[in-house]
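I opened the structure to look up two things.

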Amino acid sequence: MIVAKNDPGQLSHFLLKKGFSRRAVNNCKNHGGMMLVNHHRRNGSYRLKEGDVVHFLMGQEPVNPWLKVSRRPLDIVEETADYLVINKPAGLLSIPSGFHAEDAVINRVLAYFEKQGVNPAYVKPHIVTRLDQDTSGLVLLGKNAIAHDRFSKLGKDDFIKKYHAIVHGNFAEGDLSGLIDKPLARVGDTVKREVNPKGQRALTEYRVLDQVPGASLIELRLLTGRTHQIRIHMASIGHVLYGDDLYGARDAFARQALNCFYLAFPNPFGGEEREIEIPDPGDMQGLWRQLKQEAGK
């Protein structure tokens, strides 16, 4: 990074302006990192001048001794020096919980780093976009705290997530696309959510891709990111997702038929727009084939 005429004079303020968080700067100072100006080590109060060359070498990240390594398969769709995009299978948590402490996306990424010989004190996965356990598809992770901070500074509108879903029922000719604008709130102390005028605003765009008698294949885009948003919104207009017994489905599909097939975001390290698209997983493709066969299509 080269110091420009109008940049802050103090090194720590310069780094904050360039997108490094205060936590990352303090972590560098306290855990073995370095802030270099013209290849000389400096502290955060050092006064910069125009034309100085600044390098930031991240310090160690705190290692969680309870976080276990899982060597189960990991489907990496895209990787750079700063982030990973994972194709998460249904049934896998993004982050380990008390009930599933040994196998989540984070655990599998740790094993991937270990296989590469990476020191976990310097490279540690941070979830940027997550999915429900039984939703499949694209998940974005920063490889370290700096990457996570850079992504966190992007606006919610900078991330575009699109989903495919298979739902019960058919849409009328005039309802083949639309915007669902219904606020959502938690139901008591349960994991369930509901449409509630006292809840947070939630916006979902949808369009119908194909229909057979009694079932529809739809594409959805989240304009807000509420828990279970797609599932509740579709149920609220009479189109429960296949497999979603929490919100009223009564069928044999093993999980909610929902896949995040498209993810777009600006790369905060390069500025270019990234667009990533994957096919739907085999279980959803098989369900739609079966429904079409039963309909004679």
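**Entry 1: helix α4.** I looked up helix α4, residues 145-152, and found that six of its eight residues are buried, so the helix is largely enclosed by the rest of the structure. Buried means under 20% relative accessible area, exposed means over 50%, and partly exposed lies in between, with a 1.4 Å probe and protein chains only. Helices (H or I, at least four residues) and strands (E, at least two) are DSSP runs, numbered from the N terminus. The buried residues in α4 are Ala145, Ile146, Ala147, Asp149, Arg150 and Phe151.

**Entry 2: what I am working with.** This is a predicted model, in which local features need pLDDT of at least 70 and side-chain atom pairs count only at pLDDT 80 or more, while totals for chains, interfaces and linings use all residues. Residues are numbered from 1 along each chain as its sequence is written, and side-chain values use heavy atoms, with hydrogens and water left out.

**Entry 3: salt bridges.** How many salt bridges does a search of the whole structure find? I noted 12. A salt bridge here is a side-chain nitrogen of Lys or Arg within 4 Å of a carboxyl oxygen of Asp or Glu. Side chains of opposite charge can pair when their charged atoms come close.

**Entry 4: Glu78 and Arg274.** I looked up this salt bridge and found its closest N and O atoms 2.5 Å apart. Glu78 is in strand β4 (residues 76-79) and Arg274 is in strand β15 (residues 273-277), so the pair ties together parts 196 residues apart in sequence. Is Glu78 buried or exposed? Glu78 counts as buried because its relative accessibility is 16%. Arg274, at 21%, counts as partly exposed.

**Entry 5: Arg207 and Glu219.** These side chains form a salt bridge with an N to O distance of 3.1 Å. The pair links distant parts of the chain, 12 residues apart: Arg207 belongs to strand β12 (residues 203-212) and Glu219 to strand β13 (residues 215-222). I have Arg207 down as partly exposed, at 42% relative accessibility, and Glu219 as buried, at 14%.

**Entry 6: Asp210 and Lys292.** The salt bridge between these side chains has an N to O distance of 3.9 Å. Asp210 sits in strand β12 and Lys292 in helix α6 (residues 282-294), so the pair ties together parts 82 residues apart in sequence. Asp210 is partly exposed at 22% relative accessibility, and Lys292 is partly exposed at 27%.
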